[in-house]
Amino acid sequence: MSFAFLTRAFGRDATDEVEEPEAAPARASRRDRRAGRADAVVTEALAQKVLHAFLQNRHQTLVPLTLNLRVLEPGQRDLVIQAMAAAFLAQGRRQDPAPVRDALTRISAAEAERQRLDKALAAPLALGDLLDAILDADLGAYAYVASLLAVDQRRRVNQLYLAYLAERLGLAEDVVSSLHRRYRV
(Lines give C-alpha, C1' and ligand atoms only; values in the text may rest on other atoms or scores of the structure.)
Protein backbone atom coordinates (compact mmCIF):
# COMPACT_ATOMS: atom_id res chain seq x y z
CA MET A 1 0.00 0.00 0.00
CA SER A 2 1.17 3.43 -0.75
CA PHE A 3 0.93 6.58 1.32
CA ALA A 4 -1.19 8.16 -1.41
CA PHE A 5 -3.77 5.36 -1.16
CA LEU A 6 -4.07 5.76 2.60
CA THR A 7 -4.47 9.49 2.44
CA ARG A 8 -7.15 9.23 -0.24
CA ALA A 9 -8.97 6.57 1.78
CA PHE A 10 -9.18 8.93 4.72
CA GLY A 11 -10.24 11.92 2.67
CA ARG A 12 -6.92 13.62 2.22
CA ASP A 13 -5.02 14.05 -0.96
CA ALA A 14 -1.37 13.08 -1.11
CA THR A 15 -0.57 16.63 -2.05
CA ASP A 16 -2.22 18.06 1.09
CA GLU A 17 0.21 19.47 3.53
CA VAL A 18 0.55 17.69 6.81
CA GLU A 19 -0.27 19.89 9.77
CA GLU A 20 2.53 20.43 12.17
CA PRO A 21 1.84 19.89 15.83
CA GLU A 22 1.52 22.97 17.98
CA ALA A 23 4.52 24.08 19.88
CA ALA A 24 4.77 22.71 23.39
CA PRO A 25 3.66 25.20 26.01
CA ALA A 26 6.34 26.91 27.97
CA ARG A 27 7.11 25.25 31.30
CA ALA A 28 5.53 26.86 34.30
CA SER A 29 7.79 28.29 36.90
CA ARG A 30 8.48 26.36 40.10
CA ARG A 31 6.36 28.76 42.10
CA ASP A 32 3.32 28.16 39.82
CA ARG A 33 3.82 24.38 40.02
CA ARG A 34 4.00 24.46 43.82
CA ALA A 35 0.89 26.64 44.01
CA GLY A 36 -1.01 24.19 41.81
CA ARG A 37 0.00 21.28 44.04
CA ALA A 38 -0.99 23.18 47.18
CA ASP A 39 -4.40 23.95 45.72
CA ALA A 40 -4.87 20.30 44.85
CA VAL A 41 -3.87 19.21 48.36
CA VAL A 42 -6.26 21.68 49.99
CA THR A 43 -9.09 20.71 47.62
CA GLU A 44 -8.55 17.01 48.32
CA ALA A 45 -8.42 17.55 52.09
CA LEU A 46 -11.64 19.55 52.02
CA ALA A 47 -13.34 16.94 49.85
CA GLN A 48 -12.34 14.21 52.31
CA LYS A 49 -13.70 16.20 55.25
CA VAL A 50 -17.00 16.87 53.48
CA LEU A 51 -17.35 13.20 52.52
CA HIS A 52 -16.54 12.07 56.06
CA ALA A 53 -19.10 14.48 57.55
CA PHE A 54 -21.74 13.31 55.09
CA LEU A 55 -21.09 9.64 55.82
CA GLN A 56 -21.25 10.24 59.56
CA ASN A 57 -24.53 12.10 59.26
CA ARG A 58 -26.10 10.56 56.15
CA HIS A 59 -29.09 8.98 57.88
CA GLN A 60 -30.12 12.26 59.40
CA THR A 61 -30.01 13.90 56.00
CA LEU A 62 -31.47 11.04 53.95
CA VAL A 63 -34.24 10.04 56.38
CA PRO A 64 -36.89 12.57 57.38
CA LEU A 65 -35.84 14.47 60.48
CA THR A 66 -39.37 15.20 61.56
CA LEU A 67 -42.75 13.81 60.74
CA ASN A 68 -45.05 16.67 59.86
CA LEU A 69 -48.40 15.70 58.40
CA ARG A 70 -48.92 19.15 56.92
CA VAL A 71 -46.20 18.56 54.32
CA LEU A 72 -47.78 15.33 53.06
CA GLU A 73 -50.53 15.04 50.50
CA PRO A 74 -53.97 13.95 51.78
CA GLY A 75 -53.59 10.37 50.51
CA GLN A 76 -50.18 10.10 52.11
CA ARG A 77 -51.53 11.48 55.39
CA ASP A 78 -54.23 8.84 55.36
CA LEU A 79 -51.67 6.05 54.91
CA VAL A 80 -49.55 7.35 57.79
CA ILE A 81 -52.61 7.54 60.03
CA GLN A 82 -53.63 4.03 58.97
CA ALA A 83 -50.12 2.87 59.93
CA MET A 84 -50.53 4.47 63.37
CA ALA A 85 -53.87 2.75 63.84
CA ALA A 86 -52.45 -0.63 62.75
CA ALA A 87 -49.55 -0.30 65.20
CA PHE A 88 -51.87 0.66 68.02
CA LEU A 89 -54.20 -2.26 67.30
CA ALA A 90 -51.26 -4.68 67.01
CA GLN A 91 -50.67 -4.33 70.76
CA GLY A 92 -53.39 -6.91 71.20
CA ARG A 93 -55.23 -5.46 74.13
CA ARG A 94 -57.80 -2.75 73.97
CA GLN A 95 -56.42 0.47 75.42
CA ASP A 96 -57.39 4.09 75.46
CA PRO A 97 -56.24 5.69 72.17
CA ALA A 98 -55.51 9.02 73.91
CA PRO A 99 -51.70 8.60 73.58
CA VAL A 100 -52.10 8.06 69.85
CA ARG A 101 -54.20 11.20 69.57
CA ASP A 102 -51.49 13.06 71.50
CA ALA A 103 -48.89 11.71 69.08
CA LEU A 104 -51.03 12.98 66.20
CA THR A 105 -51.06 16.42 67.78
CA ARG A 106 -47.25 16.33 68.02
CA ILE A 107 -46.95 15.68 64.30
CA SER A 108 -49.20 18.62 63.36
CA ALA A 109 -52.44 16.75 62.73
CA ALA A 110 -55.63 18.73 62.24
CA GLU A 111 -59.07 17.72 63.47
CA ALA A 112 -59.75 15.90 60.19
CA GLU A 113 -56.74 13.62 60.80
CA ARG A 114 -57.94 12.86 64.32
CA GLN A 115 -61.30 11.84 62.89
CA ARG A 116 -59.53 9.65 60.31
CA LEU A 117 -57.67 7.97 63.16
CA ASP A 118 -60.96 7.14 64.90
CA LYS A 119 -62.30 5.67 61.66
CA ALA A 120 -59.09 3.70 61.10
CA LEU A 121 -59.27 2.31 64.64
CA ALA A 122 -62.90 1.28 64.09
CA ALA A 123 -62.32 -0.30 60.66
CA PRO A 124 -58.60 -0.98 60.04
CA LEU A 125 -57.21 -1.97 56.66
CA ALA A 126 -55.66 -5.40 56.21
CA LEU A 127 -52.01 -5.10 57.22
CA GLY A 128 -50.64 -6.60 54.00
CA ASP A 129 -52.64 -4.22 51.82
CA LEU A 130 -51.67 -1.26 54.00
CA LEU A 131 -47.97 -2.07 53.84
CA ASP A 132 -48.13 -2.56 50.07
CA ALA A 133 -49.77 0.86 49.71
CA ILE A 134 -47.13 2.41 51.96
CA LEU A 135 -44.35 0.88 49.86
CA ASP A 136 -46.00 2.07 46.64
CA ALA A 137 -46.22 5.61 48.05
CA ASP A 138 -42.59 5.42 49.24
CA LEU A 139 -43.60 6.30 52.81
CA GLY A 140 -41.76 3.54 54.66
CA ALA A 141 -39.81 5.76 57.06
CA TYR A 142 -42.86 7.95 57.74
CA ALA A 143 -45.06 4.94 58.49
CA TYR A 144 -42.38 3.50 60.76
CA VAL A 145 -42.08 6.74 62.73
CA ALA A 146 -45.86 7.00 63.02
CA SER A 147 -46.00 3.43 64.31
CA LEU A 148 -43.16 4.15 66.70
CA LEU A 149 -45.11 7.07 68.14
CA ALA A 150 -48.31 5.05 68.43
CA VAL A 151 -47.00 2.26 70.66
CA ASP A 152 -45.27 1.75 73.98
CA GLN A 153 -41.76 0.95 72.78
CA ARG A 154 -40.84 -0.89 75.99
CA ARG A 155 -43.34 -3.73 75.51
CA ARG A 156 -41.95 -6.83 73.82
CA VAL A 157 -44.94 -7.33 71.51
CA ASN A 158 -44.51 -3.78 70.19
CA GLN A 159 -40.77 -4.29 69.69
CA LEU A 160 -41.50 -7.39 67.64
CA TYR A 161 -44.17 -5.57 65.62
CA LEU A 162 -41.74 -2.72 64.90
CA ALA A 163 -39.03 -5.19 63.87
CA TYR A 164 -41.50 -6.87 61.50
CA LEU A 165 -42.55 -3.48 60.15
CA ALA A 166 -38.96 -2.37 59.54
CA GLU A 167 -38.19 -5.62 57.73
CA ARG A 168 -41.37 -5.52 55.65
CA LEU A 169 -40.80 -1.88 54.68
CA GLY A 170 -37.18 -2.58 53.76
CA LEU A 171 -35.65 -0.12 56.20
CA ALA A 172 -31.94 -0.57 56.90
CA GLU A 173 -30.88 -1.39 60.44
CA ASP A 174 -28.96 1.84 60.88
CA VAL A 175 -31.93 3.87 59.63
CA VAL A 176 -34.17 2.12 62.17
CA SER A 177 -31.74 2.77 65.02
CA SER A 178 -31.48 6.42 63.96
CA LEU A 179 -35.27 6.74 63.99
CA HIS A 180 -35.42 5.11 67.43
CA ARG A 181 -32.88 7.61 68.75
CA ARG A 182 -34.79 10.54 67.32
CA TYR A 183 -38.23 9.42 68.41
CA ARG A 184 -37.47 7.97 71.81
CA VAL A 185 -40.50 8.51 73.98
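Which residues have the most contacts inside the largest nonpolar core? The legends below take up this core and then the salt bridges of the predicted model.

**Figure 1. The largest nonpolar core of the predicted model has 42 residues.** Inside this core, the residues with the most contacts are L69, M84, L104, I134 and Y144. Two or more core residues are given by each of the helices α3 (74-89), α4 (98-106), α5 (111-122), α6 (127-136), α7 (140-150), α8 (156-169) and α9 (173-182). Helix α3 supplies nine residues, the largest share of the core. In soluble globular proteins, nonpolar side chains tend to be buried together.

**Figure 2. Surroundings of L104, one of the core residues with the most contacts.** Leaving aside residues up to four places away in sequence, L104 touches L69, I81, M84, A109, E113, R114 and L117. Among these contacts, L69 and M84 also belong to the residues with the most contacts inside the core. The contact list of L104 also includes the charged residues E113 and R114.

**Figure 3. Salt bridge between D118 and R101.** The closest N and O atoms of this pair are 2.6 Å apart. D118 counts as partly exposed, at 33% relative accessibility. R101 is likewise partly exposed, with a value of 27%. The structure holds six salt bridges, and this pair is one of them.

**Figure 4. Salt bridge between E113 and R116 within helix α5.** Here the closest N and O atoms lie 3.8 Å apart. The two residues are three places apart in helix α5, and therefore separated by about one helical turn. With a relative accessibility of 5%, E113 counts as buried, because the cut-off for buried is under 20%. R116, at 25%, is partly exposed. E113 is also among the residues that L104 touches.

**Figure 5. Salt bridge between D152 and R154, and the network of R77, E113 and R116.** The side chains of D152 and R154 meet with an N to O distance of 3.1 Å. D152 has a relative accessible area of 26% and is partly exposed, whereas R154 is exposed at 73%. Elsewhere, salt bridges that share partners join R77, E113 and R116 into one network. Side chains of opposite charge can pair when their charged atoms come close.

Definitions and conventions. Residues are numbered from 1 along each chain as its sequence is written. This is a predicted model: local features need pLDDT of at least 70, side-chain atom pairs count only at pLDDT 80 or more; totals for chains, interfaces and linings use all residues. Side-chain values use heavy atoms; hydrogens and water are left out. A nonpolar core is a set of buried Ala, Val, Leu, Ile, Met, Phe, Trp, Tyr and Cys residues joined through side-chain atoms within 4.5 Å. Buried means under 20% relative accessible area, exposed over 50%, partly exposed in between (1.4 Å probe, protein chains only). Helices (H or I, at least four residues) and strands (E, at least two) are DSSP runs, numbered from the N terminus. Contact means heavy atoms within 4.5 Å. A salt bridge is a side-chain nitrogen of Lys or Arg within 4 Å of a carboxyl oxygen of Asp or Glu.
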